[in-house]
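Subject: Structure for you to look at

Dear colleague,

I am passing on the structure we spoke about, with the sequence alongside.

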Amino acid sequence: MRRTAAGLWFVAPALIVLAAFFFIPVLAALAMSLTDFDLYALDDLANLRFIGLANYWQLLHDALFWKTLGNTFYFVVLGVPLSIGASLAAALLVNSKVARFRNVFRTIYFAPVVTTLVAVAVVWRYIFHTRYGFLNYGLGFFGIHPIDWMGNPHWAMPAIVVMAVWKNFGYNMIILLAALQSIPDDLYEAARIDGASYWQQFRHVTLPSLQPVLMLVSILTMAGYFQLFAEPYVMTEGGPLESTKSVLFYMYDEGFKWWSLGRASAVAFILFVIIFCVTLVQLRLGRREAAA
Amino acid sequence: MKRSTILVNTALVVGAIMVLFPLVWMVSVSFMPRGVASTYPPPFLPPEPTLDNYRELFTRHAAGRYMLNSTIVAALATAIAVVLNTMAGYAFAKLRFVGRERVFQLLLGALVIPGQVTMIPLFAIVKSLGLVSTYGGVIIPTMASVFGIFLVRQYALSLPDELLEAARIDGASEWRIFRSVVVPLLKPILITLGILTFLATWNDFMWPLIVLTEQKLHTLPVALAGLSREHVQDNELMMAGAVITIVPVLVLFLALQRYYIAGILAGSVKG
């Protein structure tokens, strides 16, 4: 009996905090998205009105919301494969038997992950500077004319993708590295005996063995990339021509610039549902592939 | 040397240069006198290194204050998170209580919910508690985490039951067992949890941006974001600001790298 009581005492503080500041807010977000919660309601809840699905209805008719949704998908569709590709390439290189100083390279490649996003966004904004940035200087050697990375609506989002890949690839590299090291050597041995080339070994031994882990990291990366915010906030302020404004940026503006907290909650919920659905689709595709 | 050896190692070096370049350039430019970084071609090393940018940050832009804010917020959040998550994680692994499995399943299920969904109601809650623009308000979402509880639980599962039983037979209270037997054994995972929480809080941006409306309470990332909007052209000053924001966490990571990586690998198993 005493142990029952003790267990509850041990979990109570954490569970109370999670309930008050996580679970209740999640439910409250759903409830708030059905109201016209604004600055007046923030002062006095008596000013709150239930408006049903009006927030969602308005969002569906707001061109800017659709634009931010499109921008976010663009960032995810471009950024996730590039990030995972970079992670996989780095993991294969670091894991290579002929590689020297593997731990040093592993640490270097991982370093951007722990850096502060806002600070590196400031640094990259400078690297992307049209006149004084190092990127355009470097591209000049290849005869490429200076590109207005942050000021051209076609280039701003790809530029942010480049920075995101640089910042994040080390994280998945670590996970993929662990997975690579757990592939039994016998498999490669057997493939070599069968006369398989490096490419065939990669294609028929490495990739299938990594499949579940690749699945996991792409879901985690995808969920993270849907939450794009600080990069455009710092580097482009959502511009030019709203071409880098993300859904979360839109939510931030609705909620904390215009104080339409009800509408902002609806945005947050739509984003959550999208992430959830895309995760389910990925899981299903992954299972089918694994079964095939 | 074989061709593949040269190829692989060259690729590794090129990759390392590409990864390190932005950070090295950041440091280099932060020591350049005003205006030097806005010339063509971009200088790689400062012609006459100077500390002026750092001096200006600390004297005119209150960087010391922001650094203190960041340190207090991250330290406070880490201390609370480590205590709460450790207690809960240990209990979920080793103590029996009503609904243990069901609650744990519920917590795991909640991992799919992105934190941003809670942000708007959380702001309303923080406001009603009078915690807008306080250290307390910033640390609220970090104080306990499902991930932290999970991390500790996985580790605590491996503690030998005989040890705990023996302590009970000796008449030790559950709290005493936790303090003197369990916590020392959990030390590696506590360091992991601590560094993960500290870095996440230090680097966090959106929530502090929302909740810290008063400038003197800004953390480094929030202050830097504001400063970089006002001083778009002052590249040297901005790079110095980036350096003082990044270097503390980078040093901490290098010192405790092993624990940090262990946390990531433990976390990736959850899926």
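A residue is called buried here if 20 or more other C-beta atoms lie within 10 Å of its own, and exposed if there are 12 or fewer. By that criterion, buried residues account for 41% of the 292 residues in chain A. Please keep in mind throughout that this is a predicted model, and that what follows was computed from it.

Chain A

Chain A contains 13 helices and zero strands, and its C-alpha atoms fill a box of roughly 75 × 70 × 35 Å when taken along the principal axes. Of the contacts in chain A between residues at least 6 apart in sequence, 68% join residues that are at least 24 apart.

One helix in this chain that I looked at in detail is H4(A), which covers residues 63–95 and, with 33 residues, reaches 47 Å from its first C-alpha to its last, close to the 48 Å expected at 1.5 Å a residue.

Chain B

In chain B, helix H13 (residues 235–255) has 21 residues and spans 30 Å from its first C-alpha to its last, close to the 30 Å expected at 1.5 Å a residue. A kink of about 30° lies in H13(B) at Ile246(B), shortly before the proline Pro248(B).

Trp175(B) is found in helix H9 of chain B, which runs over residues 174–185. Is this tryptophan, Trp175(B), buried or exposed? Trp175(B) is exposed, because 12 other C-beta atoms lie within 10 Å, and 12 or fewer is the cut-off for that class. The C-alpha atom of Trp175(B) is separated by 9.7 Å from that of Met87(B), although the two residues are 88 apart along the chain.

Where the chains meet

Between the two chains, 75 residues of chain B are in contact with 72 residues of chain A. By class, the side of chain B that touches chain A has 55 nonpolar, 16 polar and four charged residues.

Terms used: Residues are numbered from 1 along each chain as its sequence is written. Chains are lettered from A and ligands numbered from 1 in the order in which they are written. This is a predicted model: local features need pLDDT of at least 70, side-chain atom pairs count only at pLDDT 80 or more; totals for chains, interfaces and linings use all residues. Helices (H or I, at least four residues) and strands (E, at least two) are DSSP runs, numbered from the N terminus. The expected span of a helix is 1.5 Å times one less than its number of residues. The bend at a residue is the angle between axes fitted to the seven residues ending there and the seven starting there. Two residues are in contact if their C-beta atoms, placed from the backbone, lie within 7 Å. Ala, Val, Leu, Ile, Met, Phe, Trp, Tyr, Cys and Pro count as nonpolar, Asp, Glu, Lys and Arg as charged, and the others, Gly among them, as polar.
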